[in-house]
2 protein chains.
Amino acid sequence: MEESTAGGRTITLKDLASELGIHPSTVSRILHSGSEVARGAASVATAERVRELARKRGYSPDPQAAGLRTRRTHLMGVIVPRLSDLVLAIMYEGIDEAAAELGYSTFVMNSRDEPEEQRRKTESMLARRVDGLIIGDAHLDSGLLRELASRKVPFVLMNRRVPGFPSATCDDVLGGELVADHLWGMGHRDVAVIAGEPYASTAVDRTAGFVDRWRALGGKIPPDAVVWSRFDTGGGREAAETILAHGNSHPTALFAVNDFAAIGAMGALRSHGLGVGRDVAVVGFNDTSLAAELPIPLSSVRSPMLDIGRTAVQLLKGVLDGREVESIRLKPVLCVRESSAFRTPV
Amino acid sequence: MEESTAGGRTITLKDLASELGIHPSTVSRILHSGSEVARGAASVATAERVRELARKRGYSPDPQAAGLRTRRTHLMGVIVPRLSDLVLAIMYEGIDEAAAELGYSTFVMNSRDEPEEQRRKTESMLARRVDGLIIGDAHLDSGLLRELASRKVPFVLMNRRVPGFPSATCDDVLGGELVADHLWGMGHRDVAVIAGEPYASTAVDRTAGFVDRWRALGGKIPPDAVVWSRFDTGGGREAAETILAHGNSHPTALFAVNDFAAIGAMGALRSHGLGVGRDVAVVGFNDTSLAAELPIPLSSVRSPMLDIGRTAVQLLKGVLDGREVESIRLKPVLCVRESSAFRTPV
DNA sequence: CGCACTTACCCAATCGATTGGGTTGTTGGC
DNA sequence: GCCAACAACCCAATCGATTGGGTAAGTGCG
């Protein structure tokens, strides 16, 4: 790698061609397809000379020009609620890795989960002529997806699913069930759920998985034991306050559909003088790197965030290649830690 | 906004032009510059007709084509150690906002702080023809920056600084000083520093600010009280273990140059039976959203992460406009919380 | 020896926007 | 009434890569 921008000027196909005394189109064909097109385009010797010179000059094709001609930018647009949400950040890392392996670059944008922003950011991505979109902030009731589909914009969902569209998600229902089995098994009979935002399938599915399994096990969950909330610590704290405000007894276990909400809930419990993992069990979701590091390590459902991102890229590639793709739900695993490791007498 | 991709086909300048019976170049001039060039290019009436039609058809210029011609992509490349580091994620949000306001889009990539990756990602950005780079993972000893400068690649640093290059950072030296003042004021005399990675100016400056001020106050810091470490919880834990292993006494206060390291250190203290905020004070850096939410809220130096990102964009814009730019250091503020709120008798 | 095939290339149009340089038609000044 | 100075446009080249369609030289074979 000598210099990719020799002397300030960028090397073009034409430069290579004229230096070798052949036509740019020939150079293009040689450099373009590993061997398919290159085969009939030039002699082995010429091909080698071209490749050699390209390497020496540090030639890199101008994606602008190529894209203009081919109508493909090799760009994937990614929309997430916010990148400062660790969960999405990790999924994005998976995306970026997988995309790079396929020769794609990615754009990310934050929608802050606001419909208006989702629209704006989507349009902005399309204006940038991305080849396709990975949507990580889908709302269950959004008309945007249907509109995009009818406009034939290639896209897949990630993290959250919406029936009818291809998605790469965690099997959130299963995740909720795992927590129900665990808490039930530890002898808990009085539980509450910090359920997240009702427009997100992650929240809905985790909650439904938990509640349905709980009832199947013979447990009861009164309606006011399920509290919808924001996904952040503040939301978790408020939800926990609401739960603790009901009546004079408190549940012996809380399931928060998100680690941050769980952390907020732990704070609320503490300030009510309740010992996490002693008086009240708490289980979170996603197993973010913090869960295990907390003073009282948090039990959490580990979702394969990196793989969800990678899978989303595979799916989108499939869509871009015109294949029919199926939604994929990756299996989560429950990690039990101190916050829910005590047994309650039945 | 009717449709930006009407009937599957994208609207081009030529489409607009032919529909209005005028030349594409005229349309371009009208749509291009708000009024400067547009003034002499067409009558007010025509200009209005063009703008109206453009709006109706949802015309959006093809950045590929424009970029090809103008040699500017309106793309800024951003390189960070990792986006799943909350600090960088927030800076990136600042970047993306500010860039969008200026009509730029941004690419992010993770270098994992590995020199090899830094190089690779940088080249990858340049291959994408970004107009300039915002480098958030600069190493103090890196030759890469000098090389980029000699290649005349427009770039600015963010988060970490390196003398000789424009950067947008927190005033980390001041941050360290604030912590020294605080801990000294609370009566601590035996302290240790979890110093971070020695190749990062953030770590070096925060440590130097602390140590120099501490000594100026008349305190002593033996060499083995400064332990270099990774920036994550694991690194903080290990560093704390090292500190606690020295001799039979322990310091009464720890300054970790990063919240995550501080959290790791808190864990180590706990497992040594030491009460955070009671036996040992702990202060972190950055005041990430977690600091205040921890069971024992963590004192931390609040750095203006969002503004650092925004400032980096301003700087890069300056560089791109050919202006001379000065490095900017934004002032941090110390947030004292329970973890360091107790007074030690001198 | 001649003709069909290859092989190894070259030509030129094209993608969509931009821009330096025209070309009309009209108005104003003297 | 004539020329300069606009106003309002049009023309065509250009950016760099791609690609459908040549073409000339060489090879094989009957």
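Domain bounds, as I use them here, come from an automatic or database domain assignment.

**Conventions.** I note that this is a predicted model, in which local features need pLDDT of at least 70, side-chain atom pairs count only at pLDDT 80 or more, and totals for chains, interfaces and linings use all residues. Residues are numbered from 1 along each chain as its sequence is written, while chains are lettered from A and ligands numbered from 1 in the order in which they are written.

**Chain A, layout.** I looked up the domains of chain A and found domain 1 (6–61), domain 2 (72–169 + 306–329) and domain 3 (172–303 + 333–340). The centres of domain 1 and domain 3 of chain A, taken over C-alpha atoms, are 60 Å apart. Along the principal axes, the C-alpha atoms of chain A fill a box of roughly 90 × 40 × 30 Å.

**Confidence.** Chain A has a mean pLDDT of 92, with 95% of its residues at 70 or more (pLDDT is the predictor's confidence in each residue, from 0 to 100). Over residues 1–7 of chain A, pLDDT stays under 50. Where pLDDT is low, the predicted coordinates should not be read in detail.

**DNA strands.** I find 27 residues around DNA strand C, the nearest being H23(A), T12(B), L13(B), S25(B) and A65(B) (near: C-beta atom, placed from the backbone, within 6 Å of the molecule or strand). Elements giving two or more residues to this surface include α3 (36–41) of chain A and α1 (13–20) of chain B. Around DNA strand D there are also 27 residues, with T12(A), L13(A), S25(A), A65(A) and H23(B) closest. Here α1 (13–20) of chain A and α3 (36–41) of chain B are among the elements that supply at least two residues each.

**Symmetry.** I superposed chain A on chain B by a rotation of 180° with 0.0 Å of shift along its axis, RMSD 0.0 Å (least squares on the C-alpha atoms of residues with pLDDT of at least 70 in both). That is the relation of a two-fold axis. In chain A, the C-alpha of Q64(A) is nearest the axis, 2.4 Å from it.

Technical notes:
Helix = DSSP H or I, 4+ residues; strand = E, 2+ residues; numbered from the N terminus. Contact = placed C-beta atoms within 7 Å.
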